[in-house]
Amino acid sequence: MNKPTLVATSLAVAAAAGSGSLASRSRVAGWYARLRKPAYVPPSPVFPAAWSALYTDIAATSALAVDRLRRAGRRDDARRYAIALGLNLFLNAGWSWLFFRFGRLGASAVGAAALTASSADLVRRTAQADPRAALALSPYPLWCAFATAMSTDIWRLNR
């Protein structure tokens, strides 16, 4: 894997994670704690652990995919992958702003669904470059689908 590509994907992922963290930092203890939630919502410590693992995975598999596409002479595919990754990270951070900062539960459920679709597309694009990397990235859309279900149920319970 090319070190500059890994640095670039890591910085992009860190920017999304940091932005999402800014949106949620002050709201978790108060507003979020008071929301009605379905019984299947995991305890709060699960979320930072899961997202840390997923963010690491996204940065590494995306760098690998972009490098493999470039080495295969598929520069346009590598560029489109980078654009898809940027959109995905925008949706990722945007969900935190919709849900936590603005308290827009319905919009955050729609945002989570869009993030799930974008994450599945990222896995598809990764598979075109390296099927094993796609397998490694596959927990990401699964977690996003779970987040979509949680967001939708939280919206439903708090209307």
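The protein exposes about 8200 Å², with carbon and sulfur atoms supplying 66% of that area (Shrake-Rupley method, 1.4 Å probe). The model is a predicted one, in which local features need pLDDT of at least 70 and side-chain atom pairs count only at pLDDT 80 or more, while totals for chains, interfaces and linings use all residues. Residues are numbered from 1 along each chain as its sequence is written, and side-chain values use heavy atoms, with hydrogens and water left out.

As for the fold, there are seven helices and zero strands (DSSP runs of H or I, at least four residues, for helices and of E, at least two, for strands, numbered from the N terminus). Of the 159 residues, 43% are buried (under 20% relative accessible area, 1.4 Å probe, protein chains only). Among contacts with a separation of 6 or more, 79% come from residues 24 or more positions apart, a contact being heavy atoms within 4.5 Å.

Now to the rings. The count comes to 13 aromatic pairs (Phe, Tyr and Trp rings, the six-membered one for Trp, with centres within 6.5 Å; planes under 30 degrees apart are stacked, over 60 edge-to-face, the rest tilted). Trp31 and Phe99 make an edge-to-face pair, at 5.4 Å centre to centre and 70 degrees between the planes. This pair ties together distant parts of the chain, since Trp31 sits in helix H2 (residues 28-34) and Phe99 in helix H4 (residues 75-101), 68 residues apart. Both partners are buried: Trp31 has a relative accessible area of 18%, and Phe99 comes in at 1%. Ring pairs also join Trp31, Tyr32, Trp95, Phe99 and Phe100 into a cluster.

Terms used. Buried means under 20% relative accessible area, exposed over 50%, partly exposed in between (1.4 Å probe, protein chains only).
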